[in-house]
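Student: I'd like a close look at one part of this model, please: the pairing of charged side chains. Walk me through it in one go, with the cut-offs you use.

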Amino acid sequence: MQVIILENAQQVAQHASRWVVELISQKTNPVLGLATGSTPISLYQKLVKSHQEDQVDFGHVTSFNLDEYHNIDAENEHSYRTFMKNNLFDKINIDQKNTHLPTCNKGENPREQGIAFEDKIRLAGGIDLQILGIGANGHIGFNEPTSSLSSRTRLKTLTKQTLEDNSRLFQPDEYQPTMAMTMGISTILDAQYILLMATGKNKAKAVNEMITGPLSAKCPASALQLHEHAVIILDKAAASELS
Ligand code: F6R
């Protein structure tokens, strides 16, 4: 595990975007693992800018997102498909047929959907670079504390803390999904490179547990200690509780 501490969130995004651009420029068929949430938004802004300045061509890129809410229309404003379209896919030249999210809608079997998603990743040749954020409770993807370290893509119930953390995105009277399909911890660890970005003081405790704590299902991100090429990019606030 390599830990890089930078001054602020913009520098974190800049650093991460260099990794992504380099991968896309070097590989014939790059496969990206993508995340939603607040943290990667500035990374996506930088990637869009690089694309507009002709520095990066996404025409040959395939992507797999970490997670998607259970039983949500792709067009729903809260779906992660909509998030990805608004923040990245509609602003670059990626072929949207090559962008995948682990969906499970009415009438579909979560187990079968999970297996099909894993098969797609395998068929694409595996994920070259997985972008991650971290939850204040140490989750990665929606692998909440107590998730099995050997888990693969499946349906998970979101914890109270995650629901509270994400409630800022929903109106008080709006339905907030309580379950999501997510890549498992083992799925994430299969990626060739992992780049986890964390910014802000509210992530400092989880960041410390991930890096210095025991490998434990209590902090799912601690599983990254097992990965040979995991790079953790932090701003000073997120690094402030490193012991
Ligand atoms: C998002 C995801 C989550 C987030 C995490 C941090 O696809 O899988 O694990 O990365 O909840 O979210 P933010 O960046 O909003 O603090």
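**Charged pairs, one by one**

Tutor: Let's start with Lys85, which is partly exposed at a relative accessible area of 29%; here buried means under 20%, exposed over 50%, and partly exposed in between, with a 1.4 Å probe and protein chains only. This is a predicted model, in which local features need pLDDT of at least 70 and side-chain atom pairs count only at pLDDT 80 or more, while totals for chains, interfaces and linings use all residues. Residues are numbered from 1 along each chain as its sequence is written, and side-chain values use heavy atoms, leaving out hydrogens and water.

The partner of Lys85 is Asp90: their side chains form a salt bridge at 3.6 Å, N to O. The term stands for a side-chain nitrogen of Lys or Arg within 4 Å of a carboxyl oxygen of Asp or Glu. Asp90 is also partly exposed, with 46% relative accessibility. In general, side chains of opposite charge can pair when their charged atoms come close.

Over the whole structure, the search finds 11 salt bridges. Another of them joins the side chains of Glu7 and Lys236, with 3.2 Å from N to O. This pair ties together distant parts of the chain, 229 residues apart: Glu7 sits in the loop between β1 (2-6) and α1 (9-26), and Lys236 in the segment after β10 (230-235). Helices (H or I, at least four residues) and strands (E, at least two) are DSSP runs, numbered from the N terminus. Glu7 is partly exposed at 47% relative accessible area, and Lys236 is partly exposed at 48%.

Next come Arg152 and Asp190, whose side chains meet in a salt bridge of 2.6 Å, N to O. They too link distant parts of the chain, 38 residues apart, with Arg152 in the loop between β6 (129-132) and β7 (154-157) and Asp190 in the loop between α6 (185-189) and β9 (193-198). Arg152 counts as partly exposed at 32% relative accessibility, whereas Asp190 is exposed at 52%. A further residue joins this pair: Glu118, Arg152 and Asp190 are linked in a network of salt bridges.
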